[in-house]
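Please study the sequence and the structure shown here, and then work through the exercises in order.

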Amino acid sequence: DKLCINISFNIYKILASNYKKGPRLFVLNFAKNFDSICRDLINRNSMIQIFLFNKSKINGTQELKYIFLQLFKSMFPKFKNSSQSTITSIKITLDLFYKIYQKQYDNSKIMKYNSNILSAISNKISNVTIYRSIDIHSLLYNKIINDIIPYLIGLDIKIFSQKKVLELFKPEFVLSNSNLGLSSALGYLSTDLNIKSVLISHGSHVKHNDVYSSKENEILARNLLVGGYQYLAVQSPLAKEMAEHLNTKSSKIVNIKPIVWGVTPNKSSHNNSDYLTIIHAGSFKGAQRRYMYETSDEIFKGIKDLCDVVSTKNNIKLIIKFRFGPEFSQKSLNVLLPHLSENISIETEKSFLNILSEVDMLVSFSSTTIEEALVNNIPVLLYGGNGRYAHIPVKPYSDENCDIYKPVTFIKRKQDLEDYFTKLNEVGPSFNLPEEKFHKYRFRNNEAVDFVDWFSGLINKNTEN
């Protein structure tokens with residue numbers, strides 16, 4: 001196994017040497033439309049080479065087989081499988097680099113950090129671990145010992161290995177869609193190694209005044225939107241406002257046209273003129289219990305309320321589309337809603353972007369789909385979670401605030417939902433909002449750049465220098 005690892009590492013060195021002819025770009029993954037972005041970059045810059053981290057651990061024999069295949073493809077590109085992506089990429093295993101350089105690894109800083117954590121919680125200053133007369137110190141201490149500290153040590157090793165990879169391959173550019181854990185370190189390492197780095201968040205980030213909404217949106221933004229990257233690419237005015245609020249570093253904020261989400265759908269397929277078509281689309285976060293996310297029972301209640309109201313409206317059609325999970329599956333929804341009226345359907349095959357081309361309104365609670373709709377001039381109804389949270393801060397719908405011609409409407413109660421849809425049904429398929437009403441939520445053409453054009457400019461400028 002040790003021999004295989006040494007052979008694999010030397011092949012990595014050969015690959016690093018082979019790929020020094022053109023611009024080199026590092027990405028952590030091809031998720032969140034990054035595969036499409038990379039393909040477009042290659043179409044504009046045929047010499048660019050794209051490198052991808054492989055965070056999984058594999059044994060030496062597996063590594064050797066894999067790395068030999070990549071060497072073969074780099075030397076004989078015509079043998080590349082035609083069914084694969086046109087992206088020229090090499091996956092790099094961090095675990096191998098740690099095994100090669102582990103004698104250089106210094107764990108003193110992470111151990112001191114962990115020691116400080118344990119020291120702080122051991123002191124139990126001012127009974128901080130007592131909640132409702134119950135002392136949770138032992139639970140918290142065991143959680144830190146058994147889960148958090150092993151994670152931090154593992155992360156520190158990956159960061160060390162990541163730096164060794166960057167030093168070997170010497171990329172000129174780094175592109176990421178998050179700023180959490182290893183991806184956060186990538187931004188800071190890039191700065192240290194004088195690598196141009198860009199962060200594009202795949203999330204929706206909205207600045208709030210409410211204490212709970214504000215805190216949770218800021219936590220998510222620090223994990224996705226801002227960090228130690230040279231450039232922060234934002235896709236909407238809402239994201240820009242949050243980035244300016246949190247960006248205490250010297251990172252440059254760049255307005256870009258939607259590319260990770262919010263890509264313009266083809267509206268030519270929208271032929272359903274007999275109905276006002278509405279989609280309910282949410283992102284169920286089964287592993288999280290944040291204030292700004294719905295629980296499984298809440299998301300079902302919101303859908304059921306919507307179905308109850310829409311079922312009696314002859315001019316409205318409802319499509320239900322959201323990410324299912326183990327806690328709330330497609331089967332669960334079919335059992336809980338066995339008899340839907342003819343104007344309500346559950347969509348499982350089409351992508352959200354394809355459905356967006358067919359709809360006139362989106363209903364959601366907290367999701368990137370909200371901003372995806374708004375940047376495409378599609379009005380949004382915020383409903384769910386028992387009315388505790390409005391993802392876009394607007395006044396709730398009421399007898400005094402009952403204008404249905406708004407880009408964003410927040411409804412807290414089912415009776416108000418009934419009143420709102422009664423008015424919508426009266427208008428029917430003629431319901432429409434002028435484009436200027438959405439200017440607050442989307443960049444105009446002269447306010448944002450095409451990301452691939454802008455990034456290609458960075459590549460060309462770097463090549464000239």
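The exercises below concern a predicted model.

**Exercise 1.** Determine whether Pro 23 is buried or exposed, and where it is found.

*Solution.* Begin with the location: Pro 23 is found in the loop between helix 1 and strand 1 (24-27). Next, consider its relative accessibility, which is 14%. Buried means under 20% relative accessible area. Therefore Pro 23 counts as buried.

**Exercise 2.** State which residues Pro 23 is in contact with, leaving aside its neighbours within four places in sequence.

*Solution.* The contacts of Pro 23 are Met 47, Ile 48, Gln 49, Glu 172, Phe 173, Ile 459 and Thr 463. Take Met 47 as one of these. Pro 23 and Met 47 are 24 residues apart in sequence, while their C-alpha atoms are 6.6 Å apart in space. For the protein, residues 24 or more positions apart account for 75% of the contacts with a separation of 6 or more.

**Exercise 3.** Classify Ile 7 by its accessibility and name the surface patch residues.

*Solution.* Ile 7 is found in helix 1 (residues 2-18). Its relative accessibility is 31%, so Ile 7 counts as partly exposed. Together with Leu 3 and Phe 68, Ile 7 makes a nonpolar surface patch of about 290 Å².

**Exercise 4.** Explain why the buried residues of helix 2 are on the same side of it.

*Solution.* First, list the buried residues of helix 2 (residues 34-44): Phe 34, Ile 37, Cys 38, Leu 41 and Ile 42. These residues are on the same side of helix 2 because they cover an arc of only 135 degrees around the axis.

Note on methods
Residues are numbered from 1 along each chain as its sequence is written. This is a predicted model: local features need pLDDT of at least 70, side-chain atom pairs count only at pLDDT 80 or more; totals for chains, interfaces and linings use all residues. Side-chain values use heavy atoms; hydrogens and water are left out. Patches are made of residues with over 30% relative accessible area and no salt bridge: like charges are joined within 9 Å, nonpolar side chains (Val, Leu, Ile, Met, Phe, Trp, Tyr) within 5 Å. Accessible areas come from the Shrake-Rupley method with a 1.4 Å probe; for residues, only the protein chains shown count as cover. A salt bridge is a side-chain nitrogen of Lys or Arg within 4 Å of a carboxyl oxygen of Asp or Glu. Helices (H or I, at least four residues) and strands (E, at least two) are DSSP runs, numbered from the N terminus. Buried means under 20% relative accessible area, exposed over 50%, partly exposed in between (1.4 Å probe, protein chains only). The arc is that of the directions from the helix axis to the C-beta atoms. Contact means heavy atoms within 4.5 Å.
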